[in-house]
Amino acid sequence: NATFVTHAFDPEVHTSPKMFDRDWQRYGCDVVFIGNKSKKKERLLTQVIEGLPACTFKIWGSPVWRRAPPPLCDAYQGSAVWGQEYAKAINGAKINLGVLYEGSPKAPAGDVITARTFEVPAAGGFMLHERTHEAMRYFEDGKECAFFVDADHLIGKIRYYLSHEDERKAIAAAGRARALTSGYSYDDKVATIIAKFYELRGMQGEDKA
């Protein structure tokens with residue numbers, strides 16, 4: 001009687017907002033990572049920043065990033081971003097990184113998707129996401145987002161997509177269309193929950209009959 005409900009995006013928040021000059025000054029960059037810090041993320045992002053010294057790189061998230069070693073603390077912008085500011089941070093970057101949490105030592109496994117998996121494309125951002133079988137169920141590689149497997153692969157993908165603007169923008173547009181039409185919003189998830197409620201209630205009625 002169980003139904004799996006994934007992460008989702010908020011259609012009122014994760015949109016393509018109007019960007020003003022002040023927004024581009026604050027959020028404009030080549031590559032952004034928006035999220036919490038972990039050891040795996042520290043290692044990967046350090047390799048990426050050091051491997052791409054000509055790129056502008058920004059990190060938004062918890063203040064714990066201040067305690068990260070350079071170059072991460074230098075890339076950290078000083079705060080988390082929420083609501084429309086989050087959507088602006090997504091749209092201000094040419095490339096949004098989807099780096100997954102590896103899980104705590106006692107966890108059976110790390111993340112295979114995250115809220116960003118759906119929020120970034122829905123907001124119109126180009127997403128370069130860690131490759132997992134689960135994430136690839138929702139977006140097509142090279143058409144609706146792009147996937148990477150390790151730091152070297154990620155660095156190569158960043159170089160490629162920064163130099164192919166038209167392709168990058170087309171993929172971002174296709175990713176947004178996929179998010180909007182494939183049942184990935186919270187509205188869609190609530191509809192699934194309500195439908196399941198009525199299905200189970202109907203089954204209970206049949207049992208009583």
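User: What pattern does the chain follow when read along the sequence?

Analyst: In this predicted model, the order is α-β-α-β-α-α-β-α-β-β-α-α-α. The chain has eight helices and five strands, where helices (H or I, at least four residues) and strands (E, at least two) are DSSP runs numbered from the N terminus. Residues are numbered from 1 along each chain as its sequence is written. Local features need pLDDT of at least 70 and side-chain atom pairs pLDDT 80 or more, while totals for chains, interfaces and linings use all residues; side-chain values use heavy atoms, without hydrogens and water.

User: How do you know whether the radius of gyration agrees with that of a compact globule?

Analyst: The radius is taken over C-alpha atoms, and the globule rule is 2.2 Å times the number of residues to the power 0.38. For 209 residues a compact globule would come near 17 Å; the chain has 19 Å, so the two agree. Along the principal axes, the C-alpha atoms fill a box of roughly 70 × 40 × 30 Å.

User: Why is Asp-30 called buried?

Analyst: Buried means under 20% relative accessible area, exposed over 50%, and partly exposed in between (1.4 Å probe, protein chains only). Asp-30 has 13%, and is therefore buried. Asp-30 belongs to strand β1 (residues 29-34). Contact means heavy atoms within 4.5 Å; leaving aside neighbours within four places in sequence, the contacts of Asp-30 include Ala-54, Lys-94 and Leu-162.

User: Why does Trp-60 count as buried, and what does Trp-60 touch?

Analyst: Its relative accessible area is 2%, so Trp-60 is buried. Trp-60 lies in strand β2. Not counting residues up to four places away in sequence, Trp-60 touches, among others, Arg-26, Phe-33, Tyr-76 and Ala-89.

User: What makes a set of residues a nonpolar core, and how many residues has the largest?

Analyst: A nonpolar core is a set of buried Ala, Val, Leu, Ile, Met, Phe, Trp, Tyr and Cys residues joined through side-chain atoms within 4.5 Å. The largest has 28 residues, and Leu-45, Phe-57, Leu-97, Leu-128 and Ile-158 have the most contacts inside it. Elements giving two or more residues to this core include β1, α2 (39-51), β3 (93-98) and α7 (165-181). α6 gives the most, with five residues. A second, separate core of 24 residues includes Phe-118, Ala-123, Ala-135 and Phe-139.

User: How do you know how the span of α6 compares with the one expected?

Analyst: The expected span is 1.5 Å times one less than the number of residues. α6 has 12 residues and reaches 16 Å from its first C-alpha to its last, close to the expected 16 Å.

User: Why are the buried residues of α6 said to line one face of the helix?

Analyst: The buried residues are Ala-151, Leu-154, Ile-155, Lys-157, Ile-158 and Tyr-161. Down the axis of α6 they fall within an arc of 165 degrees, so they line one face. The arc is that of the directions from the helix axis to the C-beta atoms. Their cover includes β1, α2, β3, β4 (127-130), β5 and α7.

User: What makes helix α4 mostly covered?

Analyst: In α4 (residues 83-92), seven of its 10 residues are buried. They are Tyr-86, Ala-87, Lys-88, Ala-89, Ile-90, Asn-91 and Gly-92. What covers them includes α1 (21-27), β1, β2, β3 and α5 (115-122).
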